[in-house]
Amino acid sequence: MSHTRTPVVAGWFTEDSTEGGFRLLGTRCSACSSVFFPRQDAFCRNPGCAGGELVETPLSNRGTVWSYTDGRYRPPAPYVSDPDVPWEPYTLVAVELAAERMVVLGQAPPGVGVGDLAVGMTVEVVPGVLDGDAPDGEGTAWTTWHWRPVTTDGAVPDGAA
């Protein structure tokens with residue numbers, strides 16, 4: 001029994017965590033150096049730029065918590081979920097990437113709640129699974145990214161692994 005691992009959105013993050021670690025992928029304009037996430041492949045969104053080639057670039061793997069909240073209710077349609085399965089709350093984290101000076105939204109890993117987070121704390125991007133579509137282990141594992149807290153000594157706090 002195995003899942004087929006499929007990114008929720010292709011091209012937004014690396015699949016393999018060996019070369020350079022797991023990273024979100026954006027694009028950088030060669031003319032003005034603006035960085036975009038989600039990636040922009042058609043044109044530079046900077047209104048002051050005449051445009052240049054957009055080159056894929058890995059984003060910072062760490063940032064600081066800008067804001068956070070929890071999702072305690074099942075979203076309405078068109079969100080797809082099994083109404084027979086109990087709703088599991090999740091934590092959303094808005095993270096400011098230091099090098100890019102942009103805020104990227106993502107979920108915290110399972111087991112990390114709002115009580116484990118604080119504005120200004122350091123987090124790192126790690127691979128995650130959004131959902132598997134079959135409880136018996138067969139089917140698709142929809143992969144995504146999570147923002148995991150990091151302590152000042154670089155360790156991951158208990159419960160945040």
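**Strand pairing, a buried threonine and a surface patch**

Strands here are DSSP runs of E with at least two residues, numbered from the N terminus, and two strands pair if DSSP finds at least two bridges between them. The model is predicted: local features need pLDDT of at least 70 and side-chain atom pairs count only at pLDDT 80 or more, while totals for chains, interfaces and linings use all residues. Residues are numbered from 1 along each chain as its sequence is written, and side-chain values use heavy atoms, with hydrogens and water left out.

- Strand β2 (residues 25-29) runs antiparallel to β4 and is joined to it by 5 bridges; Gly26 has Thr57 in β4 as its bridge partner.
- Thr27 also belongs to strand β2.
- With a relative accessible area of 0%, Thr27 is buried (buried is under 20% relative accessible area, exposed over 50%, partly exposed in between, with a 1.4 Å probe and protein chains only).
- Beyond its neighbours within four places in sequence, Thr27 is in contact (heavy atoms within 4.5 Å) with residues including Val35, Phe36, Gln40, Leu54, Val55 and Thr57.
- The side chain of Thr27 reaches the backbone oxygen of Gln40 at 2.9 Å.

- Strand β6 (residues 90-97) is mostly covered, with 6 of its 8 residues buried.
- Strand β5 (residues 62-71) pairs with β6 in the antiparallel sense over 8 bridges, and Thr69 stands opposite Leu92 in β6.
- Strand β7 (residues 102-107) pairs with β6 over 6 bridges, again in the antiparallel sense; here Val93 stands opposite Gly106 in β7.
- The hairpin of β6 and β7 has 4 residues between the strands, and Arg101 takes a positive phi near 55° in it.

**Nonpolar surface patch**

- Val8, Leu130 and Trp142 make a nonpolar surface patch of about 250 Å².
- Patches consist of residues with over 30% relative accessible area and no salt bridge, like charges being joined within 9 Å and nonpolar side chains (Val, Leu, Ile, Met, Phe, Trp, Tyr) within 5 Å; a salt bridge is a side-chain nitrogen of Lys or Arg within 4 Å of a carboxyl oxygen of Asp or Glu.
- Accessible areas come from the Shrake-Rupley method with a 1.4 Å probe, and for residues only the protein chains shown count as cover.
- Trp142 is placed in strand β9 (residues 139-149) and counts as partly exposed, at 33% relative accessibility.

Key: Polar contact = N/O pair within 3.5 Å; in protein donor to acceptor, adjacent residues only side chain to side chain.
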